[in-house]
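Dear colleague,

Please find below the structure I am handing over to you.

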Amino acid sequence: MKEHLGSCHCGAVKFTVLAPLNIEVTECNCSICSKAGYLHLIVPADRFRLLQGKDNLTTYTFNTGTAQHLFCKTCGIKAFYVPRSHPDGYSVNLRCLERDGFETIGIKASNGKEWETQYPLGRGSFT
Ligand SMILES: [Zn+2]
């Protein structure tokens with residue numbers, strides 16, 4: 001495990017996430033993830049630390065309102081958020097992390113478009 005540094009585009013929002021050097025992220029096909037090109041690295045809340053920019057974040061919700069989509073007010077980038085599948089954790093956008101901190105990155109598909117099929121128990125588990 002290592003602390004990986006991440007930020008939004010303008011740099012107002014900065015954070016770290018504790019994750020292995022070899023990771024597998026998910027690419028989701030749901031309405032919002034597919035439009036954003038978001039790559040999910042999902043971690044328990046205690047492995048995520050916001051360093052700066054709390055006041056620069058704004059929240060967007062839709063559908064069940066469980067997911068808290070957090071965007072930088074200045075540059076519009078969603079660098080991390082609270083996902084519907086893991087409301088007690090964070091999904092960090094791999095695209096907003098410093099890539100050279102990882103050795104290997106795998107990408108697997110997630111079928112968020114058909115929520116009940118992907119998450120028959122109503123939520124996902126942490127790996
Ligand atoms: Zn920003």
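Two strands are taken to pair if DSSP finds at least two bridges between them. In this predicted model, β1 and strand β2 (residues 14-19) pair in the antiparallel sense over six bridges. Within β2, Ala-19 stands opposite Lys-2.

These strands belong to an open sheet of three strands, with the order β1-β2-β5 and antiparallel pairing. β1 (2-7) and β5 (48-52) stand at the edges, each with a single partner strand, so one side of each is left without a neighbour in the sheet. On average, neighbouring strands of this sheet are turned by 25° against each other, direction ignored.

Regarding the chain as a whole, its secondary structure comes to two helices and 10 strands. The elements run β-β-β-α-β-β-β-β-β-β-β-α from the N terminus on. The radius of gyration is 14 Å, close to the 14 Å that the globule rule gives for 127 residues, so the protein chain is as compact as a globular protein of that length. The C-alpha trace spans about 35 × 30 × 25 Å along its principal axes. Of the 127 residues, 29% are buried. Among contacts with a separation of 6 or more, 59% are between residues 24 or more positions apart.

Asn-63 lies in the loop between β6 (57-60) and β7 (68-72). With 11 other C-beta atoms within 10 Å, Asn-63 is exposed, as the cut-off for that class is 12 or fewer.

Kind regards

Definitions and conventions. Residues numbered from 1 in each chain as written. Predicted model: local features only at pLDDT ≥ 70, side-chain atom pairs only at ≥ 80, totals over all residues. Helix = DSSP H or I, 4+ residues; strand = E, 2+ residues; numbered from the N terminus. Axes fitted to C-alpha atoms, helices over the stretch in contact; angles between N-to-C directions. Buried ≥ 20, exposed ≤ 12 C-beta atoms within 10 Å, placed from the backbone. Rg over C-alpha atoms; globule rule 2.2 N^0.38 Å. Contact = placed C-beta atoms within 7 Å.
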